[in-house]
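Me: I have a structure open and want to learn how to read it. Can you take me through some features, one at a time?

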Amino acid sequence: MKTQVAIVGAGPAGLLLGHLLRAEGIDCVVVERQTGDYVLSRIRAGVLERITVELMEQLGLDVRLRAEGLVEEGFNLADGERLIRIDVANLTGKTVVVYGQTEITRDLMDAAAPRGLEVIYEAGDVALHDIDSEAPFLTYAKDGVSQRIDARFIVGCDGFHGPSRQAIPASVGRSFERVYPFGWLGILADVPPCNEELIYANHERGFALASMRSHTRSRYYIDVPLTEKIEDWSDDRIWDELAVRLGPDAAARITRGPSIEKSIAPLRSFVFEPMRYGSLLLCGDAAHIVPPTGAKGLNLAASDVHYAAAALSGFFKRGDADAVAGYSEKALARVWKAERFSWSLTKLMHRFPDDGPFERRMQVAELDYIATSRAAQQTIAENYVGLPV
Ligand code: APR
Ligand code: PHB
């Protein structure tokens, strides 16, 4: 097969890019290791920045998002009894939309066939070749038969564990990483949320987050040591811990119910540079990971895809080779700012095992400052709704 752009990975980044390129009349194909159902089974975050909503609007794929997404004008930081509301609408003139990543992926997936976006699922052993040339190609196995796709560009949207980043020579690539000494235990339940807006809580027993997917489906998290096993956490134990950490007011509004999904995920900050090498571009988790504290993962994938689609459109439609050459620098500038915000909010809202009394005083002082300073709240708000693209 021959195409203009071969995309590895059919998660949100790969599908969003595929649709944007198709809409520009650029020939592309997406190659995905798993089945579509498996991709949809992954439960991820669900707070959308403006850029993510706008790209779905641009594609005309925002109907369900508009109908089912919850527009949120603020969120809350809880520190013991104190609840600090960050009024993002008033502070930035913008809002966020709560709408699960799974739903974004579903909307993109459902539109692929009708729009002629070819997605090859269950493609095994995907390998990238000649990425330092102007004629790179992919090989993969499908139904036991080896296949090849020749392209002008390959875009790695294959997540943290995919082959694309690994294809860049070690002598060229450089990574930056911070692994956090705790994980997030998440629970999804068909119960009404305890609060209309998100609550991030820093309690002496640890971090908690009250979020939601709709008015009838809630998503909660607590931080746990990395040694914890999900099988040791009954639903009741999770609900009990959430009630303590979110504080008495929120606890009084928690509706308990059976989990429909629960799991523990590690937290890391990770960035790989460069995000382009030869004819290979990286987007999303293939190039960077953020701790979920700022809900930036999906939104960073969206801004990467926005830049990559613009660069590739420039190349194919205007013969602008510089557009592709400038992709990595442009994407990384926004990635690093989101990494900083996610890292700082994680530091502010979690109790780190090695922290002492001084570090706790720093958290209290910063929360006091945020509670009493519009400037401090504006800084948090503009990062939360998403910095300009
Ligand atoms: N061959 C083909 N596809 C692959 C391979 C491979 N060898 N390895 C991984 N993939 C696929 C995965 O199965 C997955 O469907 O690449 C896709 C990567 O999707 P994501 O991991 O969701 O990454 P991305 O699309 O960048 O979206 C970022 O997802 O992980 C969350 O928190 C993250 O919200 C962020 C978002
Ligand atoms: C979620 O709803 O899953 C969610 C919300 C905000 C976060 C992380 C996860 O920061």
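Reply: Start at the end of a helix. H3 is followed by Gly60, whose phi is positive, near 70°. Helices (H or I, at least four residues) and strands (E, at least two) are DSSP runs, numbered from the N terminus. Some ground rules: this is a predicted model, where local features need pLDDT of at least 70, side-chain atom pairs count only at pLDDT 80 or more, and totals for chains, interfaces and linings use all residues. Residues are numbered from 1 along each chain as its sequence is written, chains are lettered from A and ligands numbered from 1 in the order in which they are written, and side-chain values use heavy atoms, with hydrogens and water left out.

Me: Which residues of helix H3 are buried?

Reply: Buried means under 20% relative accessible area, exposed over 50%, partly exposed in between (1.4 Å probe, protein chains only). An α-helix has 3.6 residues a turn, so residues three or four places apart point the same way. In H3, residues 50-58, the buried ones are Ile51, Thr52, Val53, Leu55 and Met56.

Me: Why is H1 described as largely enclosed?

Reply: Ten of its twelve residues are buried, so the rest of the structure largely encloses H1. Among them are Pro12, Gly14, His19 and Leu21. H1 covers residues 12-23 and reaches 16 Å from its first C-alpha to its last. That is close to the expected 16 Å, taken as 1.5 Å times one less than the number of residues. Gly25 follows H1, with a positive phi near 80°.

Me: What is the strand order in the open sheet of three strands?

Reply: Strands of a sheet pair through backbone hydrogen bonds, either parallel or antiparallel. Two strands pair if DSSP finds at least two bridges between them. Here the order is E9-E10-E11, and the pairing is antiparallel. E9 (124-129) and E11 (145-150) are the edge strands, each with a single partner, so one side of each has no neighbour in the sheet. From one strand to the next, the twist averages 20°. Axes for such angles are lines fitted to C-alpha atoms, for helices over the stretch in contact, and angles run from 0 to 180 degrees between N-to-C directions.

Me: How many bridges join E10 and E11?

Reply: Six, in the antiparallel sense, with E10 spanning residues 137-142. Tyr140 has Gln147 in E11 as its bridge partner.

Me: Is Asp223 buried or exposed?

Reply: At 8% relative accessibility, Asp223 counts as buried. Asp223 lies in strand E16, residues 218-224. Next, look for polar contacts: pairs of N or O atoms within 3.5 Å; within protein, one must be able to donate a hydrogen and the other to accept it, and residues adjacent in sequence count only if both atoms are side-chain atoms. The Asp223 side chain makes one with the side chain of Arg245, at 2.8 Å. The Asp223 side chain also reaches the backbone nitrogen of Phe207 at 2.8 Å. Counting contacts (heavy atoms within 4.5 Å) and leaving out residues up to four places away in sequence, Asp223 touches residues including Trp184 and His350.

Me: Which residues come nearest to ligand 1?

Reply: A residue is near a molecule or strand if one of its heavy atoms lies within 4 Å of it. Of the 23 residues around ligand 1, Glu32, Arg42, Arg44, Gln101 and Asp285 come nearest. A polar side-chain atom of Gln101 is 2.5 Å from an oxygen atom of ligand 1.
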